[in-house]
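This briefing is for a reader meeting the structure for the first time.

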Amino acid sequence: MNNSIGKEQVHVEKPNVSLNSLPPALKPKGSKTNSFFKRLVQQRTLAWMCIPFVVWAFIFKYLPLWGWTMAFQNFKPARSFSDQQWVGWHHFRILFEDNTFYRILRNTLVMSSIKLILGFVTAITLALLLNELKNVIFKRFVQTVSYLPHFISWVVASSIVLTVLSPDGIINLLLMKLHLIESPVLWMGKGEYFWGILGATEVWKDVGWNTIIYLAAITAIDPAQYEAAEIDGASRFKRMLYITLPGLKPVIVILLIMNMGSILESGFEPQYLLGNGMNMDYSENLDIFVLKYGLGMGNFSLGTAAGIFKTVVSFIFLFSANYIAKKMGESRLF
């Protein structure tokens, strides 16, 4: 007797899974759903809006790089490009064999470091203190007073500094009244004072403006963290130390990376306006070197070589800072 056993056929529906819903690790290697061109088509409105800025950057930022060829020539303005004399690395060797260049490089690095350290410390401190102010009117008053110097041109700002530090200025009069000095000090006539004066002037002029981004970052911190810390009995100082500062950490790291990329950009206007023959050993930086020895003396090739050196070093600092931040697991620029 043949016993036939019927087998039920079980129909299993296959889930309809889209490739877009899969995580990147599970997508097929040949998948191009997230390709650059597809995203470009999806965001074509933004792409069209970016075109004017891309054109502007190409014309004013990249086309002028053609002028770097002057660093490898004995450039003469009256000659065409084909008639220029090519000298290779001659002007770079002149730079690195000149003791004046190393003095100027020292000044640039020191002034940039002072500006970087004081700028970060004072701006973060002011932002933390402003955040703790409860009186809104007084807070806005302090913000306005600290922001205003940023909108003063360096010509006016340097005039104020020179007047204040003159032999009959308020600083000398105050110090003499307090019997800290017996006779007026010629502050701008001693080079060893220049770095400190420049750093204080930079802080006075830009500290309020630099706090804006930190105050904006503080507003993004969850207020519940402050409420929980206050319930646990944490003081204002501890709330700043353990809540506000860690909340500012990503912004601080990003700004530090960006500032490291401009470590040789110590400025031009304050050094040029506050500098003189008595403090030039401390006030001259790379930008003034390019103006004085490049444009002023007609040695355009030497000035271009100094500019290329500054750009290369800035790139090295930028990528190094970004790489270190990546290795440390911090926020990075790219």
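Among the elements of this predicted model, helix H6 (residues 154-164) has the highest mean pLDDT, 95, and helix H1 (residues 36-42) has the lowest, 82. For the protein as a whole the mean pLDDT is 87, and 90% of the residues reach 70 or more. Residues 1-12 stay under 50 in pLDDT, and the model gives them zero contacts beyond four places in sequence.

**Overall make-up**

- The protein contains 14 helices and two strands.
- It has 334 residues, of which 31% count as buried.
- Taking contacts between residues at least 6 apart in sequence, 65% join residues at least 24 apart.

**Nonpolar cores**

- In soluble globular proteins, nonpolar side chains tend to be buried together.
- The largest nonpolar core here has 44 residues. The members that touch the most other members are Leu95, Phe101, Phe120, Tyr214, Leu248, Leu264 and Phe289.
- Two or more residues of this core come from each of helix H3 (90-97), H4, H8, helix H9 (223-231), H10, helix H13 (286-295) and helix H14 (300-327).
- H4 gives the largest share of this core, eleven residues.
- A second, separate core has twelve residues, including Leu175, Val185, Ile197 and Leu198.
- Leu95, one of the residues that touch the most other members of the largest core, has contacts with Phe101, Tyr102, Phe289, Leu302, Ala305 and Ala306, not counting residues up to four places away in sequence.

**Helix H13 and its cover**

- Which residues of H13 are buried? They are Leu286, Asp287, Ile288, Phe289 and Gly294.
- The cover over the buried residues of H13 includes H3, H4, helix H11 (269-274), helix H12 (280-283) and H14.
- Phe289 is buried in H13, is among the residues that touch the most other members of the largest nonpolar core, and is in contact with Leu95.

**The largest pocket**

- The largest pocket holds about 600 Å³ of space.
- It is lined by 24 residues, and Lys115, Gly119, Phe120, Asn210 and Asn259 are the closest to its centre.
- The elements that give two or more residues to this lining are helix H4 (99-132), helix H8 (194-218) and helix H10 (236-260).
- H8 supplies the largest share of the lining, nine residues.
- Sorted by class, the lining has 13 nonpolar, seven polar and four charged residues.

**Ala229 and Ile243**

- Ala229 lies in helix H9, whereas Ile243 lies in helix H10.
- Ala229 counts as buried because its relative accessibility is 13%, under the 20% cut-off.
- Ile243, at 10% relative accessibility, counts as buried by that rule.
- Ala229 and Ile243 touch each other. Ala229 also touches Ala234 and Arg239, with residues up to four places away in sequence not counted.
- Leaving aside neighbours within four places in sequence, the contacts of Ile243 are Ile221, Gln225, Tyr226, Ala229 and Lys238.
- The C-alpha atoms of Ala229 and Arg239 are separated by 6.8 Å, and these residues are ten apart along the chain.
- Ile243 and Pro223 are 20 residues apart along the chain, with 9.9 Å between their C-alpha atoms.

**Other single residues**

- Apart from its neighbours within four places in sequence, Gln143 is in contact with Leu130 and Leu215.
- Ile94, found in helix H3, counts as partly exposed at 33% relative accessibility.
- The C-alpha atoms of Ile94 and Ala305 are separated by 9.6 Å, although the two residues are 211 apart along the chain.
- His179 is found in the loop between helix H7 (170-177) and H8. His179 counts as exposed because its relative accessibility of 72% is over 50%.
- Most residues other than glycine have a negative phi. His179 is not a glycine, yet it has a positive phi of about 60 degrees.

Conventions: Residues numbered from 1 in each chain as written. Predicted model: local features only at pLDDT ≥ 70, side-chain atom pairs only at ≥ 80, totals over all residues. Heavy atoms only, no water. pLDDT = per-residue confidence, 0-100. Helix = DSSP H or I, 4+ residues; strand = E, 2+ residues; numbered from the N terminus. Contact = heavy atoms within 4.5 Å. 1 Å grid on protein atoms, 1.4 Å probe; cavity = no way out; pocket = protein on both sides within 12 Å on 5 of 7 lines; lining within 4 Å. Points joined across faces, edges and corners; volume = space filled by probe spheres on them. Nonpolar A, V, L, I, M, F, W, Y, C, P; charged D, E, K, R; others polar. Core = buried A, V, L, I, M, F, W, Y, C linked by side-chain atoms within 4.5 Å. Buried < 20%, exposed > 50% of the residue type's maximum accessible area, 1.4 Å probe, protein only.
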